[in-house]
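Visitor: I have a structure open and have not looked at it before. Can you walk me through parts of it?
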Amino acid sequence: NIVWLGPSSTTWIQSAATKAPAKQPQIAFLWGDPQSDQAGGTLIKLPEGFDGKILSHSPLRAVVIEGLAKFQTNETTEGKLMTPGSFFSSHGEDTHRVSTDGELPCIIYVRSEGKFDVIP
């Protein structure tokens with residue numbers, strides 16, 4: 001069973017005070033110890049209409065599992081459409097602009113070497 005946590009249950013997601021709980025991003029810790037800087041696996045569920053950032057503090061690799069997302073780095077001006085199986089990564093601290101594309105939520109698997117932040 002997957003346990004989805006919202007911004008009121010974890011510090012990994014910043015709260016968007018103007019959004020209803022159903023419109024907030026959520027995460028589920030799959031493996032590893034989220035309290036350490038060791039490797040771990042996490043799912044991120046981004047609601048439809050999400051437009052925000054994933055801020056990595058350490059190496060991070062992410063794969064779109066379900067839904068569609070647009071991805072953009074600080075170096076690019078246009079977003080890249082990401083379908084299931086698409087991935088992005090960083091070697092350290094980086095800002096990844098991510099938005100959902102379409103009217104469905106998007107689920108992303110993240111393997112990180114420590115904490116990251118989801119910022120609506």
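Predicted model: local features only at pLDDT ≥ 70, side-chain atom pairs only at ≥ 80, totals over all residues.

Visitor: How many bridges join S5 to S8, and how many join S5 to S6?
Guide: Five bridges join S5 to S8, which covers residues 94-100. Three bridges join S5 to S6. S5 runs antiparallel to S8, and S5 and S6 run antiparallel as well.

Visitor: What holds strands together in a sheet, in general?
Guide: Strands of a sheet pair through backbone hydrogen bonds, and the pairing is either parallel or antiparallel.

Visitor: Back to this one. What is the order of the strands in the open sheet?
Guide: The open sheet has five strands in the order S6-S5-S8-S3-S10, with antiparallel pairing. The edge strands are S6, residues 80-82, and S10, and each of them pairs on one side only. On average, neighbouring strands of this sheet are turned by 25° against each other, direction ignored.

Visitor: New topic. Which residues have the most contacts inside the largest nonpolar core?
Guide: They are Ile44, Phe88, Val98, Ile108, Phe116 and Val118, in a core of 20 residues. Among the strands that each supply at least two residues of this core are S2 (40-46), S4 (60-66) and S5 (69-73). S9 (106-112) and S10 (116-119) also each supply at least two.

Visitor: What does Ile44 touch?
Guide: Leaving out residues up to four places away in sequence, Ile44 touches Trp4, Gln26, Ile27, Ile54, Cys106, Ile107, Ile108, Val110, Phe116 and Val118.

Visitor: And Thr42, where does that lie?
Guide: Thr42 lies in strand S2.

Visitor: Why does Thr42 count as buried?
Guide: Thr42 counts as buried because its relative accessibility is 2%, and buried means under 20%.

Visitor: Which residues is Thr42 in contact with?
Guide: Neighbours within four places in sequence aside, the contacts of Thr42 include Trp12, Ile27, Ala28, Phe29 and Leu30. Thr42 is also in contact with Ile108, Tyr109, Val110 and Phe116.

Methods:
Residues numbered from 1 in each chain as written. Heavy atoms only, no water. Core = buried A, V, L, I, M, F, W, Y, C linked by side-chain atoms within 4.5 Å. Buried < 20%, exposed > 50% of the residue type's maximum accessible area, 1.4 Å probe, protein only. Helix = DSSP H or I, 4+ residues; strand = E, 2+ residues; numbered from the N terminus. Contact = heavy atoms within 4.5 Å. Pairing = 2+ DSSP bridges. Axes fitted to C-alpha atoms, helices over the stretch in contact; angles between N-to-C directions.
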